[in-house]
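This briefing covers the two chains shown below and the contact between them. Points are grouped by topic.

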Amino acid sequence: MSARPSGVMRYRHMITGGLLVLTAIVAAVVSFYWTPFDVTQLDIANKLKKPSAEHWFGTDHFGRDIFSMIMVGARTSISVAIVAVGIGMAFGVPLGLAAASRRDSLLDETLMRINDLIFAFPALVIAILITAVYGASAINAIIAIGIFNIPVFARLTRGAALSLWERDFILAARVAGKSKFRISFEHILPNVLNLLIVQGTIQFSLGILAEAALSFVGLGAQPPLPSWGRMLSDSQTMISFAPHLAIFPGLAIVLTVLGLNLFGDGLRDYFDPRIRRDSR
Amino acid sequence: MLRFALRRLLSLALTLVAASLIIFVAIEIVPGDPASYMLGLNAQPETVAALREELGLNVSKPQRYFNWVGGMLRGDFGTSYTYRTEVTPMIADRLLISLPLALYALLLSTLIAFPAGVIAATRRGSGADLAVMGSTQIGIALPNFWFAMLLVSLFAIKLRWFASGGFPGWDTGLFAGLKALTLPAIALALPQASILARVMRSSLLDTLGEDFIRTARAKGLTARQALWRHALRNALIPVLTIIGLQFSFLLAGAVIIENIFYLPGLGRLIFQSLTQRDLIVVESVVMLLVFAVVLVTFLVDVAYAIVDPRLRRK
C-alpha cells in the first residue's frame, strides 16, 4: 500500500503484529509442557461452563478447558502453515530461479505453464482431491496448502530474478566465469530474500486461514488433535446457548492472522528503501 | 486482437486438458471398485459385473478417460454411483444456487469496496482513510466461515430476521430466494471486499499521482472531475484482475459457506459425494470449478486486451 505513516506509527503496527504472532507461538510452544487443564481429560460435570476465574474461556460440551484447547490448537495451525510455506519455498524458489536464469527457454515456458495449471485449482479443490484419494488428515492439509504455495513463490522469485539478471553486477559475475546456477544462488537469491520473507509472512497467514477452513469442514486435522477450525465446527450447533465456544477460537484465528499481516506490512516497508527514506 | 484471443483460447484448452488428466489420474488411483462399493459386501459377482458394465467401468483406463471427456464436451457427466441418476441435471440444479450466490457475493463485495476504496484514496490520511484501512485489515483476517456463524447467531437466532439455513427454491419467488442467500453472500463478500477496497485505494492513489491527472487539473478540471473522468477509469485495471480472481475464490469459498447454511449447492454436493465415495460426482464438480476459474481468467485477459492494446503484443 502506498500509505506512508510516520516511522513511529509504522513500527507500532509492526510491533503490535509481532507481539500478536509471538503470543500465538509462545502459546503453542508452552502447550507442549504445560496447559492450565489437560485437554484430553473429559469433565462432563463441568460441561459448557461460561468463562470464569477457573476456566478463563469457559469449557466445551465435554467439559474440556477452551483456553487449554486453544493453546494446543495453536500448535496445529502454526505447524501446518509453517510447513506449507516451507514446501512452497523449497520447490517454488529453485523453480523460479531456474526459470529466470533461462528466460523464454522451454524450461521457463514449461514451468510457467505448470504454475498456471496449479493456479487453476483453488487450494480447497486441491484439498478435496487429495482427501478423496488419501483421506482427511493434517498431513494432507499441509500438502494441499503447500502445493498451492509453490506457484506463488515460483512466480515471485522469477519476476524479481528476471530484473536482476539485467543488472551490471550479474554481468560482472558472468564475465568472471560463474555458472548460471552459482549466480542464481550466490547473487540472485540473496537479493530476492527480502521479498521472499515478506511473501512468506503473507502465505503463513493465508495458511492459518486455509488450515482452519479445512479442519472446519473435516478435511484437516482429525480428532483427538485439537485445531481452531475443528473447535469452531464443533461449536456450530451450540452457538445459540454457548457462544463462547465459537468466539474464542475465532478470535484466536483473527488475531494471529491480523498479527501476521501487520508484521508482514511492516517488514515490507522496512525492506523498501524508498519508503524508509521518505519517512525520515 | 483476434490472434491474441485465439492464442489465449488455445492456452485455455491446453490447461483444461492438463487439468482433466490430473483429476482423472488422481481419482483413478483411489483404491476400491465403485460397483462393489455400491452393491455392498454380499453382492453376487455377476451383479457386480453387470453394474460395472452399466457404469462403463469395463473398458481400459485411457478409453474411460476419453469417454469421460467426450461425455463432458456433450454436456454428459455420467451417472452418479450413489443416486444412480444422471450427474448433469444434479450439477445443473446445484449451480442454480452456487452461481447466483457467487454473483451476489461479488456484487456486494464490489458495492462495498468501490466507495470505501475511493473515499480512502481521495481523503488519504484522514480519519475516514484510517477507518477504512483498519476495518479492511480486520476483514482480511476474518475467516468467512466464522463470520458466517456470527451472522447466523445474530441475524437468525437473536433477531430472527433471516432463516439460519436452507433454501426455499427459486419457485417460491425471487425475493425469498435472494433472502435465503443474503447472509451467505455477506459472509462470502466481506473478506473479499476488504481485499478489493485496499487494491482500489492503492491503485487510485498511484493513478492520482500520474502526470496526466496533473495535466487535467492544470487544464482547469476540479479534483472531482479529474477523479471521475480520468483517474477512476485508469485505476480500474488492477481492480478488474482482482474481481476476476475473486469470482473463482467465491465459487470455491462457497463450498464451505454452503455447508454452514445448508444450501443445496455445488459445495454440499461435493462433500456429500466425498463421504459417499461417489467419485464420478467429485470428479465432475472439481472439473467444473477448474473450468470456471480458467474461463474467468481468460475473460479477464481478453477484457484487459480490449482496454489496453499494449497487452495484446505479449
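**Overview**

Chain A contains ten helices and zero strands. Chain B, for its part, has twelve helices and zero strands. The model is a predicted one.

**Chain A**

- Along the sequence, the elements of chain A follow the pattern α-α-α-α-α-α-α-α-α-α.
- The C-alpha trace of chain A spans about 75 × 50 × 30 Å along its principal axes.
- Chain A has 280 residues, and 48% of these are buried.
- Taking the contacts in chain A between residues at least 6 apart in sequence, 72% join residues at least 24 apart.

**Chain B: overall layout**

- The order of elements in chain B is α-α-α-α-α-α-α-α-α-α-α-α.
- A box of roughly 85 × 55 × 35 Å, taken along the principal axes, holds the C-alpha atoms of chain B.
- Chain B has 314 residues, of which 37% count as buried.
- For contacts in chain B with a separation of 6 or more, 69% are between residues 24 or more positions apart.
- The domain assignment divides chain B into domain 1 (35-76) and domain 2 (91-313).
- The centres of domain 1 and domain 2 of chain B, taken over C-alpha atoms, are separated by 39 Å.

**Chain B: helix α1**

- Helix α1(B) has 27 residues and should span 39 Å at 1.5 Å a residue; the end C-alpha atoms of α1(B) are 38 Å apart, which agrees.
- Which residues of α1(B) are buried? They are Thr15(B), Ala19(B) and Ile23(B).
- The cover over these buried residues of α1(B) includes α12 of chain B, together with α3 (106-119) and α4 (123-134) of chain A.

**Chain B: helices α9 and α10**

- Two packed helices are described by the angle between their axes and the distance between the axes.
- For α9 (residues 211-218) and α10 (residues 223-260) of chain B, the axes come within 10 Å and cross at roughly 145 degrees.
- The crossing of α9(B) and α10(B) is right-handed.
- On the α9(B) side, the contact involves Phe212(B), Ile213(B), Ala216(B) and Arg217(B); on the α10(B) side, it involves Ala226(B), His230(B) and Ala231(B).
- By class, the residues in the contact of α9(B) with α10(B) are five nonpolar, one polar and one charged.
- Leu236(B) is also part of helix α10 of chain B.
- Is Leu236(B) buried or partly exposed? Leu236(B) is partly exposed, because 17 other C-beta atoms lie within 10 Å, whereas a buried residue has 20 or more.
- Leu236(B) and Thr207(B) are 29 residues apart in sequence, with their C-alpha atoms 9.8 Å apart in space.

**Contact between chain A and chain B**

- Chain B contributes 41 residues to the contact, and chain A contributes 32 residues.
- On the side of chain B that touches chain A, at least two residues each come from α1 (2-28), α6 (127-141), α7 (144-158), α8 (174-208), α10, α11 (266-275) and α12 (279-307).
- Helix α12(B) provides the largest share of that side of chain B, with seven residues.
- The side of chain B that touches chain A comprises 32 nonpolar, six polar and three charged residues.

How values were computed:
Residues are numbered from 1 along each chain as its sequence is written. Chains are lettered from A and ligands numbered from 1 in the order in which they are written. This is a predicted model: local features need pLDDT of at least 70, side-chain atom pairs count only at pLDDT 80 or more; totals for chains, interfaces and linings use all residues. Helices (H or I, at least four residues) and strands (E, at least two) are DSSP runs, numbered from the N terminus. A residue is buried if 20 or more other C-beta atoms lie within 10 Å of its own, exposed if 12 or fewer, and partly exposed in between; C-beta atoms are placed from the backbone. Two residues are in contact if their C-beta atoms, placed from the backbone, lie within 7 Å. Axes are lines fitted to C-alpha atoms, for helices over the stretch in contact, and angles run from 0 to 180 degrees between N-to-C directions. A crossing is left-handed if the near helix is turned anticlockwise from the far one by less than a right angle, and right-handed if clockwise. Ala, Val, Leu, Ile, Met, Phe, Trp, Tyr, Cys and Pro count as nonpolar, Asp, Glu, Lys and Arg as charged, and the others, Gly among them, as polar. Domain bounds come from an automatic or database domain assignment. The expected span of a helix is 1.5 Å times one less than its number of residues.
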